[in-house]
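This briefing sets out selected features of the model shown below, grouped by topic. Please read it alongside the sequence and the coordinates.

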Number of protein chains: 2
Amino acid sequence: MTTDTAAAGARTDDERERLTAMQGLAALSLDALSSVAYGPEAILVVLVTAGAAGLDYTLPVTAAICVLLTALVLSYRQVIAAFPSGGGAYAVSKAHLGTMASLIAAASLFVDYILNAAVGVSAGIEAITAAYPSLYGASTWLCLGALALITALNLWGVSESAKVFTVPTVLFIAAMAAVIFGGLFRGHPAVAVDTHFGSATEAVGVLLVLKAFASGCSALTGVEAIANAVPQFRKPRERRAQHTEVWLGILLGSMLIGLGILIHKFHVVPHSATTVLAQLTEASVGHNLLYFAIQWITFVLLALAANTSFGGMPVLAALLARDNFLPHMFGLRADRQVHRYGVVVLAVFAGALLAASGGDTQKLVPLFAVGVFIGFTLSQLGMVRHWHQEQTPGYRSRMAINALGGILTFCTTIIELVSKFTEGAWLIVLIIPGLVFLFMGVHRSYARIGALLQLGQTPPPPQAQQSLVVVPVGGLSRLTAEGINTALSLGDEVVAVTVCFADPDDTAADVSFRDQWDQWHPDVPLITLRSVHRSLSKPIVQYLCDLERSDKYHRLVVLIPEVQPSSLWQYVLHNQRGVILDRAIRRRTLNVVLCRLRYRLDQLAPRE
Amino acid sequence: MTTDTAAAGARTDDERERLTAMQGLAALSLDALSSVAYGPEAILVVLVTAGAAGLDYTLPVTAAICVLLTALVLSYRQVIAAFPSGGGAYAVSKAHLGTMASLIAAASLFVDYILNAAVGVSAGIEAITAAYPSLYGASTWLCLGALALITALNLWGVSESAKVFTVPTVLFIAAMAAVIFGGLFRGHPAVAVDTHFGSATEAVGVLLVLKAFASGCSALTGVEAIANAVPQFRKPRERRAQHTEVWLGILLGSMLIGLGILIHKFHVVPHSATTVLAQLTEASVGHNLLYFAIQWITFVLLALAANTSFGGMPVLAALLARDNFLPHMFGLRADRQVHRYGVVVLAVFAGALLAASGGDTQKLVPLFAVGVFIGFTLSQLGMVRHWHQEQTPGYRSRMAINALGGILTFCTTIIELVSKFTEGAWLIVLIIPGLVFLFMGVHRSYARIGALLQLGQTPPPPQAQQSLVVVPVGGLSRLTAEGINTALSLGDEVVAVTVCFADPDDTAADVSFRDQWDQWHPDVPLITLRSVHRSLSKPIVQYLCDLERSDKYHRLVVLIPEVQPSSLWQYVLHNQRGVILDRAIRRRTLNVVLCRLRYRLDQLAPRE
């Protein structure tokens, strides 16, 4: 699921570096193709509740999904032509349907990114536990471990190009071809399939078939990826991208049909400890090295599919932050050029989903497809508006195609919502509006703050004001001298303050400090603040508040001289007073300027 | 275990608020008396390994411990006379044995405080699990929970007076009297005692008896508390304190002998799921309401004994911090007048001990007594030096008493170390020198830093220097205006810098910002720094480093204007840039003064 946003990350200037149609297919189809690892199983899980009679509907439902796939591919060919700079749901909605629709698209994309990461990881781990059943009990921990690994790699900042995905995708296509053709030309399964299923709990009805269809639509997630990545193709970009989209549709459709036929032929039923794809692989190629290789390839491809969320979601978050719909920190990059906050938020939510579902993909699938299809629908609606505005020759037939696509995806969205409402879709119904409210709330806050700060307006000309610099000191030293020096360089007036606790030892120390001070004769008054409660910060804050209230000085500056620790050891020995004072002053006083003069010991040493 | 240090915390000016001898006994004996809850059991645990023949030595060992108790009481009577301001091991060693001995005393006190907290909690919870056996499995968690509660109360800052301890101590003395007299006047145990023990694994030998003696000495922890708290007594302080010390000795000795006789009479043997004291209580008063009440009283007293560590150790840490032997942060008090760092360090180590021992008191006892007896020995040695220097009339006999006490406690220390070396005492042998090294290391570091900073010396007279204030800005707003205003008030020269990322959108934004700036005409140059890697902080840090290297300005100041968040929501929306810049500048540049001008939105709103 690469969207409009991922394109920006992999932009390259050299034409030869860009993708041909075949390279694009290998590089950009992994999201869509990897969903065959859980899509067909999602159909079976629903149908098996109606027993053998239900399972007979596997092929018709798969066929219906392929019809929908055809409509999507035709629609997205047109999206590619209309939005050559990348036409994700957010971009199309923003251009043609207004802010609110674009926020809904963004919210559903957010949900999708998170679910894509979770589903990719859980389905990948299921491919592994199917091959090594002894690991099955540790599924949740394996999922969280894999997610943590992917997160760490993304925080570390892997420089990635779409091309690194080519080899795993080609291997996966070859593996699926081996499974499908191996199965088709085999009279009996290579390994006996456990065709036992529980007694039917439901009758075959329209609702059940629709539900199976809705579940199976999870196999269509990712078909929008190519439309989002048009700028990555070689010229003529649009044509190449369109060819790729068609090829993706043909490949995905063939796999779905092929696997559907095999399921029917070998009477495969879903079991909790293994996957449908693993059973089909065993039946087609046998329980041998090839079988294990195919499971590992599936795992790698699904993990890479999960990884695309980490490429896309932080970039989308950064775009929203730039438009003031998310806190600006999502737009900041860390030293390693990673949108750290976006990566962490994605990992936290995906981890929560994995933990809550126990790493069971089929529990996550009901949530997944809803968001994807909301995005599909908004894209198609936006395209209808697009053709309506353009009115280029032949726009009517193009508008009709997108309208048909829009109606089909809209109907599918409704089927998803209704048939899977109690299985988790209700969560999406709560979360997407919730996210939209969040985006709008952030936007309102920034607007209010911008108005308060008169952002972009020309302020009155600046002028220098009378300033008083207050320097908290504790004894005479180079640090103190440096502080007073700096204060004198900065302020019109300077005053040093020292805190004296109410006990005899401290009072004596204060008297001797005052003597030393007078001896130094820095022409700066030293004010002693008494503290009954042995608190350092309270009397200083009180003093500052009094000064502030007196309104005598226009600029009140506190300069805290402190030793800059050059090691953890020095950090433990020092620096606490500065932090405590800083925090207390910030919390209690109004417009004090806080300066911290950090004096480096390692720099001092050679000078002396 | 209240030491010299606890006295400072509870100092009071009103004489009537101070303690009489009887009040002092009630208030200050709880540490010593509560140790009868685990001391006698510690003897039995060792002797039972030699079977019935071993158990016959219970009374002789108890008698030997009482002889040592007598010597300690006599010695401490003299400490009270010599150190009326409180004569803990640290104070006495510091006065008479030099820095090294005082640091050893401090280290052993640290270890004691931690073990006292751990043993108090674990023995207290054992009193509860003895009464409610179903809780036995959760011992460790109950211990950690109780420790967390005590820690939280201490962080919260309970204002405590020694007098609040009076009622529980009196109740505990009454309870022990009921157990001892009830048992003595009873022909047969009220409840049958389980006298079964495993087969003997060792023969009765000198080493075994010495080991039992060493273990039983844990019952003597706390007899130094009164000598530490002399200033809390009413006048004549020394006499009252001396009386109290004698009475403490008589009470503790009677309890130990009384319980020893009962153990012998009822043939009590240690069992893991219950305590020896609980078995004696059952045998003497029966399994009734009184039994449960006594267990609860024991628990409360032991919890209070653990709590005294939280009063003493942070104050000792603060004293050491004042003498530069610990980081100064241990001397800082939080807003609630608590030495927060000391409390947390104590809780962490006590918690680790409880977790490692699984809440089993008898695993902690071997570590406990060693530290206590090192303190005893150093106190007595210090007293010998004291009398030697003073040479007041009759000093020879006094010196002899302290010398005898010193020899006995020294021998006990050696017995403890040798006989319990493999059971945990080796840890103490590592930790106490380790702590002394730590103290000395901290002291050396402070001395080195003090020399570098020329602490206490009179620096050259201060003088104002040419200053340049650099203000990072991102756009025109009131915040920017305020920043430039402030910079003009502070610096001789002011320059504004803005960072421009290398993409078309940002370049366009930069051009329009520059136009606005020229329109504003603030008489401050605006410098655009280009950033290839979309990093905000790198180009600014680079610019500052260049300025610093050019050496043109004597005072380089960076002023970061930022919005001061007034709520968590605002905090999320803002303030990240300031933090990131602050951190980057602090890490990379040398002597830049960092000023953060925090602008309050809530204050802005009404003004406009």
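The S-S bond of Cys595(A) and Cys595(B) has a torsion of about 105°, so the disulfide is right-handed. Cys595(A) belongs to strand S5 (residues 593-600) of chain A and Cys595(B) to strand S5 (residues 593-600) of chain B, so the pair joins two chains. This is a predicted model, in which local features need pLDDT of at least 70 and side-chain atom pairs count only at pLDDT 80 or more, while totals for chains, interfaces and linings use all residues. Residues are numbered from 1 along each chain as its sequence is written, chains are lettered from A and ligands numbered from 1 in the order in which they are written, and side-chain values use heavy atoms, with hydrogens and water left out.

**Disulfide and cysteines**

- A search of the whole structure finds 1 disulfide over all chains, a disulfide being a pair of cysteine sulfur atoms within 2.5 Å.
- The sulfur atoms of Cys595(A) and Cys595(B) are 2.2 Å apart.
- Both Cys595(A) and Cys595(B) are buried; buried means under 20% relative accessible area, exposed over 50%, and partly exposed in between (1.4 Å probe, protein chains only).
- Cys143(A) is buried, with a relative accessible area of 0%, and Cys143(B) counts as buried at 1% relative accessibility.

**Relation of the two chains**

**Overall make-up of chain A**

- Chain A has 25 helices and 5 strands; helices (H or I, at least four residues) and strands (E, at least two) are DSSP runs, numbered from the N terminus.
- Buried residues make up 57% of the 608 residues in chain A.
- Among contacts in chain A with a separation of 6 or more, 80% are between residues 24 or more positions apart, where contact means heavy atoms within 4.5 Å.
- The accessible surface of chain A comes to about 24,500 Å², of which 63% belongs to carbon and sulfur atoms; accessible areas come from the Shrake-Rupley method with a 1.4 Å probe, and for residues only the protein chains shown count as cover.

**Salt bridges**

- The structure holds 13 salt bridges over all chains, a salt bridge being a side-chain nitrogen of Lys or Arg within 4 Å of a carboxyl oxygen of Asp or Glu.
- In the salt bridge between Lys211(A) and Glu423(A), the closest N and O atoms are 2.6 Å apart.
- This pair links distant parts of the chain, 212 residues apart: Lys211(A) is in helix H11 (residues 206-216) of chain A, and Glu423(A) is in the loop between helix H18 (395-419) and helix H19 (425-452) of chain A.
- Lys211(A) is buried, with a relative accessible area of 19%, whereas Glu423(A) is partly exposed at 35%.
- Lys420(A) forms a salt bridge with Glu416(A), with 3.1 Å between the closest N and O atoms, and both residues are buried.
- In chain B, Lys420(B) and Glu416(B) meet in a salt bridge (3.1 Å, N to O), and both of these residues are buried.
- A network of salt bridges links Glu562(A), Asp582(A) and Arg596(A).

**Nonpolar surface patch**

- Phe181(A), Leu184(A), Phe185(A), Ile257(A) and Ile261(A) make a nonpolar surface patch of about 490 Å².
- Helix H10 (166-184) and helix H13 (237-266) of chain A are the elements that give two or more residues to the nonpolar patch.
- Patches are made of residues with over 30% relative accessible area and no salt bridge: like charges are joined within 9 Å, nonpolar side chains (Val, Leu, Ile, Met, Phe, Trp, Tyr) within 5 Å.
- Phe181(A), which lies in helix H10 of chain A, is partly exposed, with a relative accessible area of 48%.

- Gln279(A) is found in helix H14 (residues 276-285) of chain A and is buried, with a relative accessible area of 6%.
- Not counting residues up to four places away in sequence, Gln279(A) touches Val193(A), Asp194(A), Val268(A), Val269(A), Pro270(A), His271(A) and Thr274(A).
- In helix H7 (residues 89-96) of chain B, the buried residues are Ala89(B), Tyr90(B), Val92(B), Ser93(B) and His96(B).
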